[in-house]
Amino acid sequence: MGYQRFVALGDSCAEGLHDPYPGTDVYRGWADLAAATLAQHEPAFRYANLAVRGRRLDQIIVEQIPAALDLKPDLVALFGGANDVMTRTYRAEVVAKRVDAAIRMLTRAAPTVVVFTLSDVSGRVPGLLRIRHRLEALNEAIHASAAKHGAEVVDLWGEEAVHDLRYFGPDRLHLSEYGHRRLAAHLLTTLGVDYDPAWLEPLPGDPVRPGLRAHAGWVWREVLPVVVTRTRNWFTGRSPGDGFAPKRPDLLPVIADELASWKTIPGSA
């Protein structure tokens, strides 16, 4: 099936954090990579990305889904929920209702909707083991709502790359370029669309296994600033994505120059 109007929704992962275009500070990510591939199969293809970092599902429902439906997409990909499970006010039943509302709204308007479960980062990132049950509850809600409303699911819970830090950025949560390529490949596999097989090839060498010094450096550089920011936001009522706008709010064609840059991978230039 050829898709002509693709809209990506969600949080920082859908925005493409930690996968910048070469030589720029503009983020690429799995959605851009998938869009570039889909454009090769359909001359009339158009793509929009409404994702904004830090957004929870309730914010996505209010801010992004109405805008997406106005674009009349024939393909929607939603990646969200991570910020919901990380909040201090987390309640499983509330998150499940948000999941169901988002998927229901999208499937009623778009013929093909793809959603993603989250991978199990709890054992890889020190201090996050306590949220494993939250991740499991979120994924169960995603599977249940997708089955009820007819959405496709990219199931990342058993993703092998989660145990190799090379697939993640310096914060060990957001995907690196390698991770975004794998996620794009998983999405395209679900859609039955051919893609560059190199995207799923394992990285050479052994997985990165940081020692105590590396863990300490990660806590100092990545964790403490986030804790300070989240605490400040809690007291001021701000959200992490406040002040940011979607990088691609309109359905636009994928031009040749963009396609070339999207296919750039380390060592290929």
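**Charged side chains in the predicted model**

The side chain of Arg-134 comes within 2.6 Å of the backbone oxygen of Val-85. The model described here is predicted. Arg-134 is part of helix 6, which spans residues 132-149. Leaving aside residues up to four places away in sequence, Arg-134 is in contact with Val-85, Met-86, Thr-87 and Tyr-90.

Arg-134 is buried but takes part in no salt bridge. The nearest side chain of opposite charge belongs to Asp-84, at a distance of 10 Å. A salt bridge requires a side-chain nitrogen of Lys or Arg within 4 Å of a carboxyl oxygen of Asp or Glu. Side chains of opposite charge can pair when their charged atoms come close.

Elsewhere in the model such pairs do occur, and the structure holds 15 salt bridges. One of them joins the side chains of Arg-53 and Glu-15, with an N to O distance of 2.6 Å. This pair links distant parts of the chain, as the two residues are 38 residues apart. Arg-53 lies in the loop between strand 2 (46-49) and helix 3 (57-70), whereas Glu-15 belongs to helix 1 (residues 12-15). Glu-15 has a relative accessible area of 7% and is therefore buried.

A salt bridge is also formed by Glu-63 and Arg-55, whose closest N and O atoms are 2.9 Å apart. The two partners fall on either side of the 20% limit below which a residue counts as buried. Arg-55 has a relative accessibility of 7% and so counts as buried, while Glu-63, at 39%, is partly exposed.

Helix 6, the helix of Arg-134, also contains Arg-132. The side chain of Arg-132 meets that of Asp-120 in a salt bridge, with 2.9 Å from N to O. Asp-120 is located in the loop between strand 4 (112-116) and helix 6, so the pair ties together parts that are 12 residues apart in sequence. With a relative accessibility of 30%, Arg-132 counts as partly exposed. Asp-120, at 15%, counts as buried.

Salt bridges can also share partners, and in this way Asp-19, Arg-28, Glu-177 and Arg-181 are joined into one network.

Note on methods:
Residues numbered from 1 in each chain as written. Predicted model: local features only at pLDDT ≥ 70, side-chain atom pairs only at ≥ 80, totals over all residues. Heavy atoms only, no water. Helix = DSSP H or I, 4+ residues; strand = E, 2+ residues; numbered from the N terminus. Buried < 20%, exposed > 50% of the residue type's maximum accessible area, 1.4 Å probe, protein only. Lys, Arg positive; Asp, Glu negative; His and termini not counted. Polar contact = N/O pair within 3.5 Å; in protein donor to acceptor, adjacent residues only side chain to side chain. Contact = heavy atoms within 4.5 Å.
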